[in-house]
Amino acid sequence: MEKDMIEDARFNRPLLVITEAFEDLADSLKPRWQKRSGIGNDVVSNDGLRLDAFSSACTHVSVLFGCLGFAFKFAEMEYVSKVRDLVEASKTFDTLHNILDLDVMNQTVKTQGSYSRNLRRVRLGLDLIRAIFEQFLMTNEYYSLKDAATKAYTQVCAPFHTWAVRTAVYAGMYTLPTRDQLLLRLNETDQSVEKNMRRYMEASRPIIEYIDKLYIDRNIKLDW
């Protein structure tokens, strides 16, 4: 019963769940001598990061978009649909390498609905959350979550969205929760949220860089 109560408390803190999932992914990419004991054996194969482990970790992130409310509804819908497609793909393909190689062979890397395009959009979602966290930790009573999210969106996603989507997102920024409301939705304190956001920022960075390298190694530009 005590173990169940601990698990319930853990899953009532979505940021902690996300952070731990991405720390496991990041750890799996380290050289064996740097790994935490017992981590990474089932996450990385000889061909790279396993798609099932990656997509499983990504499913948790959709909760964060939900916590941000209407402003990021489009980002949430796009992100969730792309992750769902990658989860389905993981039943057939073992690694991220495999799905990119398939699309390269079929010349469908940038085709709407392709695995490579979906992976690219999921990567943008992960980076958007990282950037929001980075800006959020710089906020104070004079620098609102709206300012933090606006700057993060402008840096990460706006260059790849249409004018209509950008307009809707910027308009929705006025509906973002306050800092205190976000802490309440995440079930975090000022101290714990800073710790866990920094943990996610650190853990997600090598995952994002790893994904970018998959495209670059195949001579695929990242300007889309």
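Helix H7 passes helix H8 in a right-handed crossing; a crossing is right-handed if the near helix is turned clockwise from the far one by less than a right angle, and left-handed if anticlockwise. Helices (H or I, at least four residues) and strands (E, at least two) are here DSSP runs, numbered from the N terminus. The model is predicted, so that local features need pLDDT of at least 70 and side-chain atom pairs count only at pLDDT 80 or more, whereas totals for chains, interfaces and linings use all residues. Residues are numbered from 1 along each chain as its sequence is written, and side-chain values use heavy atoms, with hydrogens and water left out.

Two packed helices are described by the angle between their axes and the distance between the axes. For H7 and H8 (residues 145-156), the axes come within 8 Å and cross at roughly 140°. Axes are lines fitted to C-alpha atoms, for helices over the stretch in contact, and angles run from 0 to 180 degrees between N-to-C directions. On the H7 side, the residues that make the contact include Leu124, Asp127, Leu128 and Ile132; on the H8 side, Ala148, Ala149, Ala152 and Tyr153 are among them. Contact means heavy atoms within 4.5 Å.

The secondary structure of the protein comes to 11 helices and two strands. Read along the sequence, these elements follow the pattern α-α-β-β-α-α-α-α-α-α-α-α-α. Of the contacts with a separation of 6 or more, 70% are accounted for by residues 24 or more positions apart. Buried residues make up 47% of the 224 residues in the protein, where buried means under 20% relative accessible area, exposed over 50%, and partly exposed in between (1.4 Å probe, protein chains only).

The largest nonpolar core has 66 residues. Such a core is a set of buried Ala, Val, Leu, Ile, Met, Phe, Trp, Tyr and Cys residues joined through side-chain atoms within 4.5 Å. Phe22, Phe54 and Phe72 have the most contacts inside this core. When neighbours within four places in sequence are left aside, phenylalanine 72 is in contact with Phe65, Leu128, Ile132, Ala149, Tyr153, Met173 and Leu176. Leu128 and Ile132 also belong to the H7 side of the helix contact described above, and Ala149 and Tyr153 to the H8 side.

Charged side chains were examined next. A salt bridge is a side-chain nitrogen of Lys or Arg within 4 Å of a carboxyl oxygen of Asp or Glu, and by this rule the count comes to 15 salt bridges. In one of them, the side chains of glutamate 23 and arginine 199 meet at 2.7 Å, N to O. Glutamate 23 lies in helix H2 (residues 14-28) and arginine 199 in helix H11 (residues 190-216), so the pair ties together parts that are 176 residues apart in sequence. Glutamate 23 counts as buried, at 19% relative accessibility.

Arginine 120 forms a salt bridge with aspartate 212, the closest N and O atoms being 3.8 Å apart. This pair links distant parts of the chain, with arginine 120 in helix H7 (residues 115-136) and aspartate 212 in helix H11, 92 residues apart. Both partners are buried: arginine 120 has a relative accessible area of 3%, and aspartate 212 has one of 13%.

A further salt bridge joins the side chains of arginine 130 and aspartate 127 (2.7 Å, N to O). These two residues are three residues apart in helix H7 and therefore separated by about one helical turn. Arginine 130 is buried at 13% relative accessibility, as is aspartate 127 at 11%. Through shared partners, salt bridges join Arg120, Arg123, Asp127, Arg130, Glu134 and Asp212 into one network.

The structure holds zero disulfides, a disulfide being a pair of cysteine sulfur atoms within 2.5 Å. Cysteine 58 is buried, with a relative accessible area of 1%, and cysteine 67 is buried at 9%.

Backbone angles were also considered. Asparagine 187, in the loop between helix H10 (179-186) and H11, has a phi near 60°, a positive value in a residue other than glycine. Asparagine 187 is partly exposed, with a relative accessible area of 42%. Asparagine 219 has a positive phi of about 60° although it is not a glycine. This residue is placed in the segment after H11, and asparagine 219 counts as exposed at 74% relative accessibility.
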